[in-house]
Amino acid sequence: MTEVLKGWIAGFWRRIFAFVIDCCVLGLIGFFIGLIFDDVFVQLGGWGRLVGFIIGCLYFGVLNSAIGGGQTVGKRLLKVRVVNSSGQTISTGESLLRYSVFAVPFLLNRSQFSIEFLDSFFLYLMSLIVFGGILSILYLYLFNRVTRQSLHDLALGTYVVNANVPAQEPGKIWKGHLVIVGLLCTAAIVVPVYTSSLVKEEPFIEMFTVQSTVAALPDIRHVEVSSGTSFINAKGGKSSSVAFASVKVALSVNRIDDEDLAREIALIVLNEYPDALSKKAIRVVMVYGYDIGIWGASSSHYYDFDPLVLEGELSFQD
């Protein structure tokens, strides 16, 4: 009986390879659309990821439904399909909802949020969807070996099966998997309690001030402020750590070679974030491009400024 069940439910690697092929198809679609609408996507900024989400919905939603025989390009090549517990293909509406349950956590995972967002109620909901959703999807993909259902399959009661095998009783998921998924989602809600307390501390408040001030400059679409350490190779083959303050800015106009703008941003960092003076460098990363989820293209340039030199410039201006 076990062999029959394994014969109907599609295996892990076959399902993964089918998904990789589908990602390549979507990437190709995104590449050609990007050639035509790149300027539009740049202006959309983070909202551009909705474009890829919609295209993905149409692709997976239609082809995984009865209209496409439950098979995307990848599934057709790997001879697997999406069905319900009776072995029948699902409706387009069910297929769209199935894809949404899978894709929304990944869509939001790379969305652009301000530091201010970290101190709002929506952080808890976002953490549940993103971290709880992604961890649950990955866990079920790896460890639910009986029905091979991940979160989106469980939500809609669907299965990915071998297309050339008659429908069989799919078996039942171990209830322990559901308990673990519940624990992962609970942990995803609890984590923001710690995060929200961090943003009330002085370094984060100063970073938020830097972010707000830089975002007010012309042609700045999005700002990320961070503090970190990098390793460089010194003489004799030894490596040493270098502490730096970093500001990454997404531009709505291609000004990545504008060193004056980069210097202006670095001066703001030094003025609003006093701890930057103790760093070895203030790094400003200028990025111009777009990301629509299924494809992206960008160019960037970074500038490193000595905080002590910048402090002298500020003193001279005063």
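Residues are classed by relative accessible area: buried means under 20%, exposed over 50%, and partly exposed in between (1.4 Å probe, protein chains only). The model is predicted; local features need pLDDT of at least 70, side-chain atom pairs count only at pLDDT 80 or more, and totals for chains, interfaces and linings use all residues. Residues are numbered from 1 along each chain as its sequence is written, and side-chain values use heavy atoms, with hydrogens and water left out.

Eight salt bridges occur in the structure. A salt bridge requires a side-chain nitrogen of Lys or Arg within 4 Å of a carboxyl oxygen of Asp or Glu. Asp219 pairs with Arg255, with the closest N and O atoms 2.9 Å apart. This pair links distant parts of the chain, 36 residues apart. Asp219 lies in the loop between helix H9 (202-215) and strand S3 (220-233). Arg255 lies in the loop between strand S4 (239-251) and helix H10 (259-272). Helices (H or I, at least four residues) and strands (E, at least two) are DSSP runs, numbered from the N terminus. Arg255 counts as partly exposed because its relative accessible area is 24%. Asp219 is also partly exposed, at 26%.

Lys279 forms a salt bridge with Asp275, at 3.6 Å between the closest N and O atoms. Lys279 is buried, with a relative accessible area of 16%. Asp275 is partly exposed, at 36%.

Arg15 bridges to Asp153, with the closest N and O atoms 2.3 Å apart. The partners sit 138 residues apart, Arg15 in helix H2 and Asp153 in helix H7 (residues 151-156). Both are buried. Shared partners join Arg15, Arg98 and Asp153 into one salt-bridge network.

Helix H2 covers residues 12-44. A straight helix of 33 residues would span 48 Å at 1.5 Å a residue; the expected span is 1.5 Å times one less than the number of residues. H2 spans only 36 Å between its end C-alpha atoms. H2 bends by about 85° at Phe37, the bend being the angle between axes fitted to the seven residues ending there and the seven starting there. The buried residues of H2 include Arg15, Asp22, Gly30 and Phe41. Just after H2, Gly45 has a positive phi of about 60°.
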